[in-house]
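Keep the structure open as you read.

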Number of protein chains: 2
Amino acid sequence: MTKTYLDMSMSLDGFVTDPDASSQTPSEDPGRLHDWMFARQTPADTEMVAERYARTGAVVIGRCMFDVGFKPWGDPPPFRGLPVFIVTHDPKPAIPMKGGTVYTFVNGIDAALTRAKEAAGERDVGVWGGADLAMQYLDAGLLDEMELHLAPIALGGGKRLFDRKRPSPIELTCTRTISTPAATHLRFRFTRA
Amino acid sequence: MTKTYLDMSMSLDGFVTDPDASSQTPSEDPGRLHDWMFARQTPADTEMVAERYARTGAVVIGRCMFDVGFKPWGDPPPFRGLPVFIVTHDPKPAIPMKGGTVYTFVNGIDAALTRAKEAAGERDVGVWGGADLAMQYLDAGLLDEMELHLAPIALGGGKRLFDRKRPSPIELTCTRTISTPAATHLRFRFTRA
């Protein structure tokens with residue numbers, strides 16, 4: 001059965017972007033939050049990335065993340081051929097990329113998830129960011145799991161993952177912990193009431 | 001050599017108090033953040049508490065935490081005889097409690113840490129909260145370690161541990177991870193430049 005999981009790298013102080021990141025001025029480097037995938041990747045981190053791609057049949061991201069990432073990701077983009085659904089209020093025609101990935105624009109989180117599940121087959125759907133989209137899926141109760149990569153740094157600024165008040169607590173269960181120098185990889189299952 | 005460590009229980013969304021906690025209206029229950037010490041304590045959590053007391057020679061807390069805790073903690077308080085130094089701008093005479101703990105009021109984080117280190121002997125000094133005091137010690141670069149007990153819940157409100165912007169990132173190294181049903185216990189060492 002297909003699961004929908006959120007996958008985010010977050011600092012200890014709760015930020016998911018570097019202080020200077022925005023769609024207007026994207027960071028020049030991949031950022032300290034993602035050291036575990038780049039500058040300080042260990043074999044355990046590499047395995048984490050491989051596992052993520054192996055489980056995933058389709059990816060959903062937000063429009064802001066797409067706008068920030070489109071150019072630096074390049075062509076072929078680093079999605080290893082997976083279909084990517086971009087949630088936006090202003091859909092435009094799909095963009096086929098080298099390597100097999102197609103960027104498809106969909107209006108609304110429900111419609112995007114439906115499309116992604118169709119495309120994923122037996123595999124899982126990964127919500128890979130950014131923070132706004134993540135919180136929309138969280139608030140809608142559409143997530144089954146969360147993969148949180150906790151970077152051992154207090155950034156002091158940026159965009160928070162959990163930036164709003166919510167009316168009632170959300171319960172999770174930690175089902176796996178893997179610690180590497182650049183991240184503590186935490187897997188959570190959302191507890192349904 | 002005496003270490004100064006911060007010890008906090010925090011939700012996944014970064015809160016260290018329940019949404020309704022304040023010095024005026026303390027929560028009636030110990031709160032979901034501390035389930036690992038109360039309602040859902042497992043042997044591994046019990047060991048964590050025992051280890052914390054074994055390493056600690058003196059405790060430093062903030063005035064707000066003291067005001068909230070004084071009555072519910074009772075007499076004897078749950079400090080197992082450890083001396084407790086309360087940072088306040090308005091010191092008052094020390095309060096000896098049953099069981100050996102003395103509440104001593106000290107003006108300023110440096111003075112409180114000096115007094116606590118004298119009292120701790122060879123053992124460590126624990127900064128046990130609240131969030132304001134924790135951030136003061138963090139900003140002053142006076143912490144050697146952080147014990148973060150990450151509760152698998154998004155509270156949706158309360159007081160944030162990391163509530164302010166800071167000029168530059170703070171680097172840490174995760175040195176231990178222990179996962180129990182009610183908390184992921186993370187130990188960090190602060191990386192000195």
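## The interface at a glance

Together, chain A and chain B bury about 2500 Å², and 56% of that area lies on carbon and sulfur atoms. Please bear in mind that this is a predicted model. The size of an interface is often given as the accessible area lost when the parts come together. The contact draws on 33 residues from chain A and 33 residues from chain B.

Between chain A and chain B there are 12 residue pairs in polar contact, counting pairs in which both residues have pLDDT 80 or more. On the side of chain A that touches chain B, the elements giving two or more residues are β7 (145-151), β8 (153-154), β9 (170-180) and β10 (183-190) of chain A. Of these, β9(A) supplies the largest share, with 7 residues. Sorted by class, this side of chain A has 17 nonpolar, 8 polar and 8 charged residues.

## How the two copies are related

## Salt bridges across and within chains

Side chains of opposite charge can pair when their charged atoms come close. Between chain A and chain B, the count is 2 salt bridges. In a salt bridge between B:R32 and A:E171, the N to O distance is 2.5 Å.

Over all chains, the structure holds 34 salt bridges. One to look at within chain A joins A:E51 and A:R176, with their closest N and O atoms 2.7 Å apart. This pair links distant parts of the chain: A:E51 sits in helix α1 (residues 43-55) and A:R176 in strand β9, 125 residues apart.

## A sheet that crosses the interface

Now for the strands. Which strand of chain B pairs with β8(A)? The partner is strand β9 (residues 170-180) of chain B, and the two run in the antiparallel sense over 2 bridges. A:I153 has B:E171 as its bridge partner in β9(B), and A:A154 stands opposite B:I170 in that strand.

## The β9(B) and β10(B) hairpin

On the chain B side, β9(B) also pairs with strand β10 (residues 183-190) of chain B, antiparallel and joined by 8 bridges. Within this pair, B:C174 has B:F188 as its bridge partner in β10(B). A hairpin connects β9(B) to β10(B) through 2 residues. To sum up, β9(B) meets β8(A) over 2 bridges and β10(B) over 8 bridges.

Terms used:
Residues are numbered from 1 along each chain as its sequence is written. Chains are lettered from A and ligands numbered from 1 in the order in which they are written. This is a predicted model: local features need pLDDT of at least 70, side-chain atom pairs count only at pLDDT 80 or more; totals for chains, interfaces and linings use all residues. Side-chain values use heavy atoms; hydrogens and water are left out. Contact means heavy atoms within 4.5 Å. Buried area is the accessible area (1.4 Å probe) that two parts lose on being put together, summed over both. A salt bridge is a side-chain nitrogen of Lys or Arg within 4 Å of a carboxyl oxygen of Asp or Glu. A polar contact is a pair of N or O atoms within 3.5 Å; within protein, one must be able to donate a hydrogen and the other to accept it, and residues adjacent in sequence count only if both atoms are side-chain atoms. Helices (H or I, at least four residues) and strands (E, at least two) are DSSP runs, numbered from the N terminus. Ala, Val, Leu, Ile, Met, Phe, Trp, Tyr, Cys and Pro count as nonpolar, Asp, Glu, Lys and Arg as charged, and the others, Gly among them, as polar. Two strands pair if DSSP finds at least two bridges between them.
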